[in-house]
Amino acid sequence: KTQNTKQQQPAHQVHSKMPSSESETKYLLSPEIQSNTKGKITACILSAYDIPDCENGSGRSATAALPLYVSMELLGKEVRTGPPSARRRDRNSFKFVSEKQQDNSSPDKQATLSSNNGGASSNEISISAPLELLYPQTAVFKVVLDNKQALVAEVELSTVLHINEPKWLILHLEPEYMTKSLPSSDGTDRDEHGPTLRLKLCLTGPYRPEIRAILSISQTWFSTMDGITTVSSTAWNAFTSTLLLKQVPRSVQKIFLVPTVPLAAASVVLLPILLGLLTIGLPFFLPIIVGALSIAASFGAVGTGVYLSSSTGRQIASKIIGPVATALTATTAGQQMIYETGPRPSPVALAEIVLPDDMIGQLVVSLLIDFIGSSSYLLPGVGEAFDVMWAPVQTILLMAMYDKSMPSLKYISFMEEIIPFTDVLPSGTLGWVRKYSPLVMEEGLKRVPDHIRDIVRETRI
């Protein structure tokens, strides 16, 4: 790759999705591909539009430049397509299709190139390498013309692509000898009708071992639960239909109301008495209540997990978890967490994905963090053991929100949670005040002259 090619800026390209068929939407790779330790970048070249004409000298008309091939350069490797298979009649644009696609193309919109171009050939090129090497790279696409010139464009893979998701792109091409230049903010320096390259890119690679294990276990668990749900549902329907609903007359079913009414009346009468006893003896009953609530919460969590493992529960959970998973995988930290792209992301980077970045949202989260940290006072002694587990979690959350504005907060937060009986210090609120108080004060000072002017006007009146 020449030095001029390295100077090509990603700012000279425009990436946009093109309409694709349903089969080209997001998908998961098959197990045999996922088990491969290699990564792969595949480019399917569709067309090159508005290729500039080449000048034959002063006083002579320009002739249309013909592309010879499209190449992709990455990690010191170069792969090439064959020559274009068709050319549009109304503009200097070319189509790259495979031989199978060429047979199905419409002849009234394009004219086949002359035989000296070598005929149609594969328009799909790929480079294989470990995913951790491919992911941070920048791919260089080059359209080589018959006049020994080339048009280039660059694609930063980690920024533009999501792993295992094909994406249509439109790349703005620039001459290979183009030097660095910064476009204006409104983009007026870019020619909207300049040469472009249209292609489909897909970066594939394996999951991390722990993610692959979780997916495998989940598939086995869901298959088992589907089988159990089917058998139990069939047995229960058979039992209720044959023994309860159809065999017991409605008049007999009303007999069960006889013992139900006294039990309901006794519950209503005794409920205020039980609440009064609990209020008086709350300090003594509090450990028992907490233990009972913990057991009930455990059974509830198990029951909820079993229900969400069924087919009906998975459909409900997918409506909530689906958007969250999509948002996670759309971030760089999410991609690094799921796929083998190199070092794993830090917990702080993952926390930055889910935490809010606005003033009100961070205030609510900060108050919630302080509330959870101070809840250890509900059970003195026992709650301090909870602080040992909560201290690193709280520190990570506060680092994700306030480490740039108050780097010392992480030390304050960790120490006030670890040291006994210091949870009264609101570390989260302290970080919020340090970050946003200058903005609030500045906004308030801007409005002070307006308020003074209003007061003076009212006084004069």
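Strand 10 (residues 167-172) is largely enclosed by the rest of the structure, because five of its six residues are buried. Buried here means under 20% relative accessible area, exposed means over 50%, and partly exposed lies in between, computed with a 1.4 Å probe and protein chains only. Helices (H or I, at least four residues) and strands (E, at least two) are DSSP runs, numbered from the N terminus. Strand 10 runs antiparallel to strand 12 (residues 196-204), and six bridges join them. Isoleucine 170 is placed opposite arginine 198 of strand 12. Two strands count as paired if DSSP finds at least two bridges between them.

The model is predicted, so local features need pLDDT of at least 70 and side-chain atom pairs count only at pLDDT 80 or more, while totals for chains, interfaces and linings use all residues. Residues are numbered from 1 along each chain as its sequence is written, and side-chain values use heavy atoms, with hydrogens and water left out.

In outline, the chain has 16 helices and 12 strands. Of its 461 residues, 31% are buried. The chain exposes about 28600 Å², and carbon and sulfur atoms supply 65% of that area; accessible areas come from the Shrake-Rupley method with a 1.4 Å probe, and for residues only the protein chains shown count as cover. Among contacts between residues at least 6 apart in sequence, 71% join residues at least 24 apart, where contact means heavy atoms within 4.5 Å.

An open sheet is formed by five strands in the order 3-2-8-9-11, with antiparallel pairing. Its edge strands, strand 3 (77-80) and strand 11 (174-175), each pair on one side only. Strands of a sheet pair through backbone hydrogen bonds, either parallel or antiparallel.

Strand 8 (residues 138-145) takes part in two of the pairings described here. Six bridges join strand 2 (residues 67-74) to strand 8, and the two run antiparallel; in this pair proline 67 stands opposite leucine 145 of strand 8. Seven bridges join strand 8 to strand 9 (residues 150-156), again antiparallel. Valine 140 stands opposite glutamate 154 in strand 9, and the bridge partner of lysine 142 in strand 9 is valine 152. Seven of the eight residues of strand 8 are buried, which leaves the strand mostly covered.

Strand 8 and strand 9 form a hairpin with four residues between the strands. Lysine 148 lies in the loop between them, and has a phi near 65°, a positive value in a residue other than glycine. With a relative accessible area of 82%, lysine 148 is exposed. Asparagine 164 also has a positive phi, of about 65°, although it is not a glycine. Asparagine 164 lies in the loop between helix 5 (157-160) and strand 10, and is buried, with a relative accessible area of 1%.

Glutamate 176 and glutamine 149 are 27 residues apart in sequence, and their C-alpha atoms are 7.6 Å apart.

Glutamate 384 belongs to helix 14 (residues 382-402). Is glutamate 384 buried or exposed? Its relative accessible area is 15%, so glutamate 384 is buried. Leaving aside neighbours within four places in sequence, glutamate 384 is in contact with Ser376, Pro420, Phe421 and Asp423. Its C-alpha atom is separated by 8.4 Å from that of glutamate 417, 33 residues away along the chain.

Glutamate 417 and Asp423 are also among the residues that line the largest cavity. On a 1 Å grid over the protein atoms alone, a cavity is a set of points where a 1.4 Å probe fits but cannot get out, and lining residues have an atom within 4 Å of a point. The structure holds one cavity of 30 Å³ or more, and about 30 Å³ of space lies in the largest cavity. Grid points are joined across faces, edges and corners, and a volume is the space filled by probe spheres set on the points.

Helix 13 (359-374) and helix 15 (409-418) each supply at least two residues of this lining. Helix 13 gives the largest share, four residues. By class, the lining has three nonpolar, three polar and four charged residues. Ala, Val, Leu, Ile, Met, Phe, Trp, Tyr, Cys and Pro count as nonpolar, Asp, Glu, Lys and Arg as charged, and the others, Gly among them, as polar.

Technical notes
1 Å grid on protein atoms, 1.4 Å probe; cavity = no way out; pocket = protein on both sides within 12 Å on 5 of 7 lines; lining within 4 Å.
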